[in-house]
Amino acid sequence: LVAPPGTLVAASGGRSPRPGTLLAPTSAVPRARFEAVCASGSPPPDELKPAADPVVEAYKRHIDRTLLRENLKRSVEERIENLMRLQRFAQDVKHAGLSRR
Amino acid sequence: MIDLQRVLVELDTAGVEFIVVGGVAATVHGSARVTQDLDIVYARTPENIRRLAATLTPWKPYLRGAPAGLPFRWDADTVRQGLNFTLTTTLGDLDLLGEIAGGGGYDALLPHAETISLFGRNIRCLGLQKLIAVKRAAGRPRDLEAIAELEALAEEADGPSAEDTSR
């Protein structure tokens with residue numbers, strides 16, 4: 001099956017697909033439906049789930065979700081302003097380090 | 001570091017059609033990671049390319065990482081003949097993308113873009129699910145941690161699990 005590089009993997013019947021790849025539709029997933037979902041970009045139905053990447057899952061366990069929740073309480077503009085402050089701070093630290101060499 | 005406010009406002013003022021993707025889009029969705037550049041996908045229409053090239057000209061765009069003095073002409077012809085440009089400018093590092101892996105070009109991404117209000121402007125930004133999809137499609141090892149954070153953000157949007165809230 002030629003499909004856009006992608007995000008959805010058909011239920012794989014126990015195989016371990018490379019994360020992020022598309023498999024051919026299984027008997028449980030007719031080709032037409034599989035292709036329609038791939039083309040739509042909509043959230044996948046239950047039988048078409050994104051492959052779980054074990055590395056991503058491992059990283060996910062160590063994410064500080066309290067930080068994310070605090071960010072989500074902010075408006076989009078506040079998030080961007082915070083990013084700009086952090087960029088300036090990173091730049092200042094970099095320059096301070098370079099000036100000490 | 002990039003002057004996000006000035007770049008976004010000036011692109012919008014000039015009527016450039018673009019979608020914010022990459023790290024800044026992740027910040028829009030709540031990411032706590034710090035990115036130093038701005039990635040945009042721009043429409044490849046002749047008029048948009050002309051506007052984009054004209055808007056960037058005062059910022060003296062140059063190929064990022066290229067040796068100083070390398071002949072590089074910035075104009076609409078250059079943009080038309082190329083596709084993706086990683087640029088350094090007087091306002092900071094800017095990536096202009098004609099297409100992205102797993103997402104395609106501007107028109108293909110448009111249905112997956114959200115309009116956000118930023119600096120008094122309406123700016124298009126790639127939606128969270130598509131942002132995850134294109135990062136996965138890019139397949140770069142350095143993106144794996146960012147993907148994990150974006151997926152965590154998507155889960156938070158669905159409501160934190162009991163296990164997570166107990167942390």
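Me: How do I read the accessibility of Asp77(B): is Asp77(B) buried, partly exposed or exposed?
Reply: Asp77(B) has a relative accessibility of 33%, so Asp77(B) counts as partly exposed (buried is under 20% relative accessible area, exposed over 50%, partly exposed in between, with a 1.4 Å probe and protein chains only). This is a predicted model, where local features need pLDDT of at least 70, side-chain atom pairs count only at pLDDT 80 or more, and totals for chains, interfaces and linings use all residues. Residues are numbered from 1 along each chain as its sequence is written, chains are lettered from A and ligands numbered from 1 in the order in which they are written, and side-chain values use heavy atoms, without hydrogens and water.

Me: Which residue forms a salt bridge with Asp77(B)?
Reply: Side chains of opposite charge can pair when their charged atoms come close. Here Asp77(B) meets Arg80(B) at 2.6 Å, N to O (a salt bridge needs a side-chain nitrogen of Lys or Arg within 4 Å of a carboxyl oxygen of Asp or Glu). Both sit in helix H4 of chain B, 3 residues apart, so about one helical turn separates them (helices, H or I, at least four residues, are DSSP runs, numbered from the N terminus). Arg80(B) is partly exposed at 39%.

Me: Which chains does the salt bridge of Lys60(A) and Glu151(B) link?
Reply: That pair, at 3.0 Å from N to O, crosses from helix H2 (residues 54-61) of chain A to helix H7 (residues 144-157) of chain B. Lys60(A) is buried at 8%, and Glu151(B) is buried at 13%.

Me: How many salt bridges are there over all chains?
Reply: The structure holds 19.

Methods: Helix = DSSP H or I, 4+ residues; strand = E, 2+ residues; numbered from the N terminus.
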